[in-house]
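Please read the briefing below alongside the sequence and the 3D view.

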Amino acid sequence: MPALIRAALLTVLAWALLAACKQKATASQCDQLLERYASLVVLEKFPDAGPDRIKTEQEHEKNEARSDDAFKNCSSEVSRAELECAMRAATADALEKCLE
């Protein structure tokens with residue numbers, strides 16, 4: 001492959017990767033992130049809780065998080081890479097570190 005074509009392909013690939021890195025989380029993804037965070041927090045705080053208690057506490061955590069400025073700005077602040085990291089996190093603290 002000629003060097004000029006290879007350079008052009010690499011440039012296009014680099015721009016595509018850069019664009020993907022700058023994409024922000026969607027509103028739906030932010031909702032999924034909130035669900036994940038609430039689940040992690042509740043399971044850490046109440047490891048022996050029954051299903052009703054877990055559901056009640058998760059709703060409480062989601063309501064509290066929704067009032068936080070960081071969550072309100074999720075779709076304009078959280079990158080796809082941060083979102084992917086957060087969704088893989090095993091603990092609430094790890095999730096928060098992904099978003100720092």
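How many disulfides does a search of the whole structure find? The search finds two disulfides, a disulfide being a pair of cysteine sulfur atoms within 2.5 Å. This is a predicted model, in which local features need pLDDT of at least 70 and side-chain atom pairs count only at pLDDT 80 or more, whereas totals for chains, interfaces and linings use all residues. Residues are numbered from 1 along each chain as its sequence is written, and side-chain values use heavy atoms, with hydrogens and water left out.

**The disulfides**

- Cysteine 30 and cysteine 74 form a disulfide with their sulfur atoms 2.0 Å apart, and this link is left-handed, with -90° about the S-S bond.
- Because cysteine 30 lies in helix 2 (residues 27-45) and cysteine 74 in helix 5 (residues 74-77), the pair ties together parts that are 44 residues apart in sequence; helices here are DSSP runs of H or I with at least four residues, numbered from the N terminus.
- Cysteine 30 and cysteine 74 are both buried, where buried means under 20% relative accessible area, exposed means over 50%, and partly exposed lies in between, using a 1.4 Å probe and protein chains only.
- A disulfide also joins cysteine 85 to cysteine 98, with 2.0 Å from S to S, and its -55° about the S-S bond makes this link left-handed.
- Cysteine 85 is partly exposed, with a relative accessible area of 27%, whereas cysteine 98, at 14% relative accessibility, counts as buried.
- When bonded cysteines are counted along the chain, the disulfides follow the pattern 1-2, 3-4.

- Leaving aside residues up to four places away in sequence, leucine 33 touches Cys74, Leu83, Ala86, Met87, Leu95 and Leu99, where contact means heavy atoms within 4.5 Å.

**Helix 2 and helix 6**

- In the contact between these two helices, Gln29, Gln32, Leu33 and Arg36 in helix 2 meet Arg80, Leu83, Ala86, Met87 and Arg88 in helix 6.
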